[in-house]
4 protein chains.
Amino acid sequence: MAQRRFRRRKDARPGEITAAAAALFAEKGYAATRVDDVARRAGVSKGLMYLYFRTKEELLKSVIRSFIEPRIEALRQRIEEPELSAEEFLRGPFLQFIRALPNSPVHVIVKLMVTEGPRHPELVAYYWNNVVSLGLDTLRRLLQRGVDNGEFRSSALQEFPHLMIAPVLFAVLYSSLFGKHEKLDTDRMFAEHVGILIESLKRDPRRGDTG
Amino acid sequence: MAQRRFRRRKDARPGEITAAAAALFAEKGYAATRVDDVARRAGVSKGLMYLYFRTKEELLKSVIRSFIEPRIEALRQRIEEPELSAEEFLRGPFLQFIRALPNSPVHVIVKLMVTEGPRHPELVAYYWNNVVSLGLDTLRRLLQRGVDNGEFRSSALQEFPHLMIAPVLFAVLYSSLFGKHEKLDTDRMFAEHVGILIESLKRDPRRGDTG
Amino acid sequence: MAQRRFRRRKDARPGEITAAAAALFAEKGYAATRVDDVARRAGVSKGLMYLYFRTKEELLKSVIRSFIEPRIEALRQRIEEPELSAEEFLRGPFLQFIRALPNSPVHVIVKLMVTEGPRHPELVAYYWNNVVSLGLDTLRRLLQRGVDNGEFRSSALQEFPHLMIAPVLFAVLYSSLFGKHEKLDTDRMFAEHVGILIESLKRDPRRGDTG
Amino acid sequence: MAQRRFRRRKDARPGEITAAAAALFAEKGYAATRVDDVARRAGVSKGLMYLYFRTKEELLKSVIRSFIEPRIEALRQRIEEPELSAEEFLRGPFLQFIRALPNSPVHVIVKLMVTEGPRHPELVAYYWNNVVSLGLDTLRRLLQRGVDNGEFRSSALQEFPHLMIAPVLFAVLYSSLFGKHEKLDTDRMFAEHVGILIESLKRDPRRGDTG
DNA sequence: TATGAATGAGATTTCATTCAT
DNA sequence: TATGAATGAAATCTCATTCAT
């Protein structure tokens, strides 16, 4: 009988609010975003927000979790694709994966971690445990497989797989900050990057050395 | 009996205040730092702050400028050291330069640019013009010298010198965020990074390729 | 047990606040009135004030408008009462109108215009358009009617209807300033004033002259 | 021996400061004028101001006194010019006197009295005693002389000489506020005003009446 | 659930006044 | 005298949070 046409399913609400918050946090930063703004963008009253998130900080945590959680599984699954050689994996799925990142909302979480991380150690720990160390382990295992295969030489990259993803972090921040000044062709840059890595991994161990 | 409230040192004050602000901005972020805090840390009254900086934003701009200005000259001077070969330059002064960065206050400016940049395009432009594009140009010229020398092959790195410094940005942020979780040996990582770069630049052009 | 803090009367609030502000501005002047005072007098929190008026200046403008708007129509309507001769109008409704002014809150707006006008040209323009020039026009039309009637001679008063209301401004300010020193009987003074005006308007044009 | 070329006579200082303050108070109002502004305009350091005027209020009082004092004598002297008939006096010296006012700095004191008077009763009393009541008395004596002469009839103007100067107050404020909207020809308006007054004072007492 | 008016603590900013020099 | 850097109390303004409805 009543007017229930415009009533949304209430279960969608928290997600909608989190999404609105994520967009605004990315745009203006956490501190500069007013709860009012989030409510307006989510099409919800301010009071309702406090029904789902007890404080603004809760909202921040929710935003961060909402970015990490759906990606954990994806990350885990990408790990071993045993049909491919290590080099094929790097030139294929790995390159494809990192190419997608600059156009994805990772920049949101990167910015939030950079700005708010120092005041929220538990978020940092959560992110480190569920994303960073997981990712680094995966890369290490990949390199090890290459070494075991005989594809790759043993190298310091196994200690510093960070170097494999550093350009991704760089590209994400660079594009978001200096996009107006320089349009970075991240696709080609990442291809070059992977090329360099593989070159190094495959080089004749008798030559070259490292400081 | 001592405490002399009026210290009369007009010339030193702006610098002292800027330094205090920089420290706090780095620690807690711009928004979360109260003008009061800066004043207290600088050992100065709140009112005096507004004698030197008309608004909190002016203070931010001053902090950013104070980081950039003294480094512009340093950057310019480091450019060409003609006695060295390009490779020697990379393994010597360049490596030394980037090794110093994670322990320097760069992380302050990186964080500030990431957080406040989007709302202060003129600061971003200033930083891009005076630091970023200058640095990239320098690297490009170095690579070109190597190519002209016959030391290096011609490569896509000339288009993407960004890859040469990406690990620095990475390390700065990584250490500041995850320092508690992993102590990154940036000295060795950077050495490995330079090694990889040179290996790539020197490799026999008949082999290798790029995706 | 009673005091209900939330009174929920959105529609009434702006008016209540404006009224409180008007009273205080009149009493102490705009600059010397603190927003806090207005809030307290309106029985409202400081924060709420800024929900309705974005700055203290907005509040001032609102006060001024609140004085002018309701009077515009009154002014318009008083214009022509065709059953009365021009003289009858002056001795009747006109006299009655100006007699009411010194006891009305006009002094508030007069003071505010005098003090704050110079820094708010748009308010001055608004007041001039909606009150002053309207009033002067009305007086001119009245005089013209008298001339057309044959009641009045044609005179310089038609150019300077200002002279007809100058005593009102005078009385308003004089009473508010020197009320303690001299109690001015404005009723009788205005009657004398109207008498003088009519005497002048009706005099035999062959006699008298003007410097 | 020393550099005393630029040293002003210290006795001129207070006057210079008062003049600067008067100009600024007139322009922006007392409250909106900063002590700093006055110092700058007077070409003096802020500290020095406090040597001559212990508080900002002292400065205000000084400004007001500086306007009143030099005019008291002038007013007294203008009183009786026995060679002239009352009408000649009104059409001559009186008209000339009031014509000068709108172009003089009276508007400064008028504004200051209107705005600051309510909070400084002693200033109001001072002004009333030394200017207002003095002026009204003078006008009353003039009218009395006319009546005694047989020039004028006895009238309510003797009770309300205020009506004789009301247009002056009006013109001063009107010009200062609405000068941009209407350029008032105060010379002609005052002439008309005096004409009306004299007409009334001289009219045949058998006719006319006053409500 | 849902609203948004209302609060109040706390932030930024202003400015008369002081005081070492 | 003369300066102007420095102070601090008080003003304006902001915003996360509450709560009557």
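This report describes the fold of one chain, two chain pairs and a few individual residues in a predicted model.

**Fold of chain A**

Chain A holds nine helices and zero strands, and the order of its elements from the N terminus on is α-α-α-α-α-α-α-α-α. Of the 211 residues in chain A, 50% count as buried. Among the contacts in chain A with a separation of 6 or more, 65% are accounted for by residues 24 or more positions apart.

One residue of chain A can be followed in detail. Thr186(A) lies in helix H9 (residues 186-202) of chain A. Its relative accessible area is 9%, under the 20% limit, and Thr186(A) is therefore classed as buried. When neighbours within four places in sequence are left aside, the residues in contact with Thr186(A) are Pro102(A), Ala171(A) and Ser175(A).

**The pair of chain A and chain B**

In general, two copies of a chain are related by a rotation about an axis and a shift along it. For this pair, a rotation of 180 degrees, with 0.0 Å of shift along its axis, superposes chain A on chain B with an RMSD of 0.1 Å. The two copies are thus related as by a two-fold rotation axis. The same surface serves both copies, in that 98% of the contact residues of chain A recur in chain B.

The contact draws 55 residues from chain A and 54 residues from chain B. About 5,100 Å² is buried between chain A and chain B, and carbon and sulfur atoms give 69% of that area. Within the share that chain A buries against chain B, Phe170(A), Glu192(A) and Glu199(A) supply 12%, more than any other three residues.

Two salt bridges are found across the interface of chain A and chain B, and one salt bridge joins Glu159(A) to Arg188(B), with the closest N and O atoms 2.4 Å apart. Eight residue pairs are in polar contact across the interface of chain A and chain B, both residues having pLDDT of 80 or more. On the side of chain A that touches chain B, two or more residues each come from helix H1 (13-28), helix H6 (106-116), helix H7 (121-149), helix H8 (162-178) and H9 of chain A. H8(A) gives the most to this side of chain A, with 11 residues.

**The pair of chain C and chain D**

Chain C is superposed on chain D by a rotation of 180 degrees with 0.0 Å of shift along its axis, at an RMSD of 0.1 Å. Here, too, the same surface serves both copies, and 98% of the contact residues of chain C recur in chain D.

The contact involves 56 residues of chain C and 55 residues of chain D. Chain C and chain D bury about 5,100 Å² between them, with 69% of the area on carbon and sulfur atoms. Two salt bridges are counted between chain C and chain D; a salt bridge links Glu159(C) with Arg188(D), whose closest N and O atoms are 2.5 Å apart. Seven residue pairs are in polar contact across the interface of chain C and chain D, with both residues at pLDDT 80 or more. The side of chain C that touches chain D receives at least two residues each from H1, helix H5 (86-100), helix H6 (106-116), helix H7 (121-149), helix H8 (162-178) and helix H9 (186-202) of chain C. H8(C) gives the most to that side, with 11 residues.

| Residue pair | Closest N and O atoms |
|---|---|
| Glu159(A) and Arg188(B) | 2.4 Å |
| Glu159(C) and Arg188(D) | 2.5 Å |

Helix H1 of chain C, residues 13-28, has 16 residues and reaches 22 Å from its first C-alpha to its last, close to the 22 Å expected at 1.5 Å a residue. The buried residues of H1(C) are Arg13(C), Ile17(C), Thr18(C), Ala20(C), Ala21(C), Ala22(C), Leu24(C), Phe25(C) and Ala26(C). H1(C) is followed by Gly29(C), which has a positive phi near 90 degrees.

In chain D, Lys180(D) sits in the loop between helix H8 (162-178) and helix H9 (186-202). Its relative accessibility is 80%, over the 50% limit, so Lys180(D) counts as exposed. The C-alpha atoms of Lys180(D) and Ile98(D) are separated by 22 Å, and the two residues are 82 residues apart along the chain.

Conventions: Residues are numbered from 1 along each chain as its sequence is written. Chains are lettered from A and ligands numbered from 1 in the order in which they are written. This is a predicted model: local features need pLDDT of at least 70, side-chain atom pairs count only at pLDDT 80 or more; totals for chains, interfaces and linings use all residues. Side-chain values use heavy atoms; hydrogens and water are left out. Copies are superposed by least squares on the C-alpha atoms of residues with pLDDT of at least 70 in both. Contact means heavy atoms within 4.5 Å. Helices (H or I, at least four residues) and strands (E, at least two) are DSSP runs, numbered from the N terminus. The expected span of a helix is 1.5 Å times one less than its number of residues. Buried means under 20% relative accessible area, exposed over 50%, partly exposed in between (1.4 Å probe, protein chains only). Buried area is the accessible area (1.4 Å probe) that two parts lose on being put together, summed over both. A salt bridge is a side-chain nitrogen of Lys or Arg within 4 Å of a carboxyl oxygen of Asp or Glu. A polar contact is a pair of N or O atoms within 3.5 Å; within protein, one must be able to donate a hydrogen and the other to accept it, and residues adjacent in sequence count only if both atoms are side-chain atoms.
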